[in-house]
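My notes follow in the order I checked things.

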Amino acid sequence: MANRGHRTTRRTSHFSITLYIFLLFVFSIFVFVLYSKDISEDEQNPLVVSEKKEPESEENADNSVWEASHSHGLHPCVKPTVRYKAALGWNRYLTVKSNGGLNQMRMGIADMVAVAHVMNATLVIPQLDKRSFWQDSSTFSDIFDENHFIETLQGDLRILKELPKEIESLPRARKHFTSWSGMGYYEEMTQLWKEHQVIHVAKSDSRLANNELPLDIQRLRCRALYNALRFSPPIERLGKKLVDRLRTRANRYVALHLRYEKDMLSFTGCTYGLTEVEAEELRMMRENTNHWKIKVINSTEQRIDGFCPLTPKEVGLFLQALGYPLSTLIYIAAGEIYGGNTHLSELTSRFPNVIFKEMLATPEELRGFANHASQTAALDYLISVESDVFIPSHSGNMARAVEGHRRFLGHRKTITPDRKGLVEIFDKLEAGQLEGPSFSHLVKHLHKNRQGAPRKRAGAPPGVKGRARSRLEEPFYQNPYPECICSSKTRVRK
């Protein structure tokens with residue numbers, strides 16, 4: 001009897017184990033079917049780029065969208081070498097007429113500092129452009145700290161605020177120096193001193209080569225631009241205030257150089273997304289602007305080739321694809337947006353936290369800047385340099401200058417849109433050939449190496465020769481590495 005009871009207990013135990021395994025198997029099948037159903041539903045309803053997505057807080061966002069690339073121990077280095085000598089030039093004077101907008105003038109003035117040194121001349125404080133599109137009557141001291149400029153460069157060359165009285169009436173050699181010229185050219189120009197004490201330079205932009213200049217000349221250009229050309233105290237003070245006010249609104253902010261002003265669209269001939277009336281208005285503006293040489297422009301070809309600024313809608317899609325939270329604070333570093341809120345709403349519908357300087361500063365604070373486009377551009381420059389992320393919607397002097405300055409200060413994050421590549425992606429999205437995740441993946445992949453990481457300045461494309469080579473090189477002030485940024489022993493991508 002005892003053995004029979006023992007066998008019954010064993011059979012019961014086997015039955016319980018079998019039942020347990022069977023139930024576990026059934027439960028696994030149920031979970032698998034349920035999970036497969038969820039996958040099927042996800043495939044039938046893929047993520048799309050939506051304008052109605054709930055804003056994601058900055059704290060919950062992917063932190064990588066804010067992080068700058070590793071600087072590999074790189075740091076600014078602008079001190080002259082032991083072989084460097086200051087220019088004396090006591091009896092030779094270089095006067096300069098700067099041309100263009102703020103940043104074109106800034107880079108041109110830095111070049112003229114170097115040219116005056118090469119030609120062993122005294123530099124007279126440059127005159128600023130008052131006839132450009134912006135019609136700004138500002139003088140040098142209105143925009144820059146004149147005394148600081150002179151004192152900072154006193155170990156490099158002599159700088160005077162004006163020509164000495166006894167020199168003013170002397171005849172001057174008036175020169176249009178050749179663009180992207182090297183040392184040999186300016187050494188030849190010193191022959192002018194045999195007959196003249198004063199040389200007047202009619203234009204200052206792009207007068208020096210980007211490459212193949214002595215290290216001390218390149219570093220002098222950096223000392224001039226980044227150290228000497230400090231903005232005037234009123235501009236510096238208000239710029240700092242506006243940055244502080246942005247920081248009180250959010251821990252981090254994006255500075256967006258949104259080149260969607262009327263003059264930019266007219267000059268480039270870009271009318272994508274505009275009405276026929278707007279396109280005609282831009283065409284007439286281009287036709288009536290005498291110093292714009294190209295009058296007939298194919299807008300479609302311009303956009304396909306990547307020569308058009310991104311539209312506000314495209315910028316919104318771009319930021320969304322990169323993964324920026326919809327609550328991101330975006331400072332618009334630009335003039336008046338063409339079409340006003342009609343076009344700007346295509347950005348703010350996705351990123352509502354958009355702000356202009358007029359929303360940060362009081363009317364009283366901005367009163368002194370009224371009708372002075374170069375001074376307000378200086379505020380945009382300061383705020384852009386100090387931003388957590390800088391994104392230009394189009395290449396240009398400000399975009400290049402800010403990128404170079406941010407590289408100089410430690411390779412702060414700067415995302416340069418690949419406009420040509422983006423047009424192809426945007427058009428596929430518009431045609432329904434791309435879905436949300438694929439769109440985001442393509443945009444991120446396209447810009448993996450366009451976020452301000454350390455690299456040496458790029459040369460011209462292969463096969464380009466002659467003067468076109470200089471024009472197609474990466475500008476010196478866009479990336480002053482390696483001359484003005486010293487590397488550690490860590491290997492950096494070239």
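I started with the sheet. Five strands make an open sheet in the order β4-β3-β2-β6-β5, with parallel pairing. I took strands as DSSP E runs of at least two residues and helices as H or I runs of at least four, numbered from the N terminus. Pairing needs at least two DSSP bridges between two strands. The edges are β4 (159-160) and β5 (173-175), each pairing on one side only.

I noted the provenance next: this is a predicted model, where local features need pLDDT of at least 70, side-chain atom pairs count only at pLDDT 80 or more, and totals for chains, interfaces and linings use all residues. Numbering runs from 1 along each chain as its sequence is written, and side-chain values use heavy atoms, without hydrogens and water.

I then looked at one pair inside the sheet. β2 (residues 93-96) pairs with β3 (residues 122-124) in the parallel sense over two bridges. Tyr93 stands opposite Thr122 in β3.

Which strands does helix α2 lie across? Helix α2 (residues 102-118) lies across β2, β3 and β6 (198-201), and runs at about 160° to β2. The angle is between N-to-C directions, from 0 to 180 degrees, with axes fitted to C-alpha atoms, for helices over the stretch in contact.

Next, the cores. I count a nonpolar core as buried Ala, Val, Leu, Ile, Met, Phe, Trp, Tyr and Cys residues joined through side-chain atoms within 4.5 Å. Buried means under 20% relative accessible area, with a 1.4 Å probe and protein chains only. The largest core has 82 residues; Leu94, Phe149, Leu153, Phe177, Tyr186 and Phe231 have the most contacts inside it. Helix α2 gives the most to this core, with 11 residues. Apart from it lies another core of 40 residues, including Leu274 and Phe439.

I picked Tyr186 for its contacts (heavy atoms within 4.5 Å). Leaving out residues up to four places away in sequence, Tyr186 touches Val115, Val118, Met119, Phe177, Thr178, Ser181, Arg207 and Leu208.

How many residues of α7 are buried? In α7, 12 of the 14 residues are buried. Among them are Asp216, Arg219, Arg221 and Arg223. Their cover includes α2, α4 (146-152), α6 (183-189), α17 (397-408) and β11 (485-486).

I checked the length of α7 (residues 215-228) too: at 1.5 Å a residue it should span 20 Å, and its end C-alpha atoms are 18 Å apart, which agrees. The expected span is 1.5 Å times one less than the number of residues.

Last, the whole chain. I found 20 helices and 11 strands. Of 494 residues, 48% count as buried.

Note on methods. Buried < 20%, exposed > 50% of the residue type's maximum accessible area, 1.4 Å probe, protein only.
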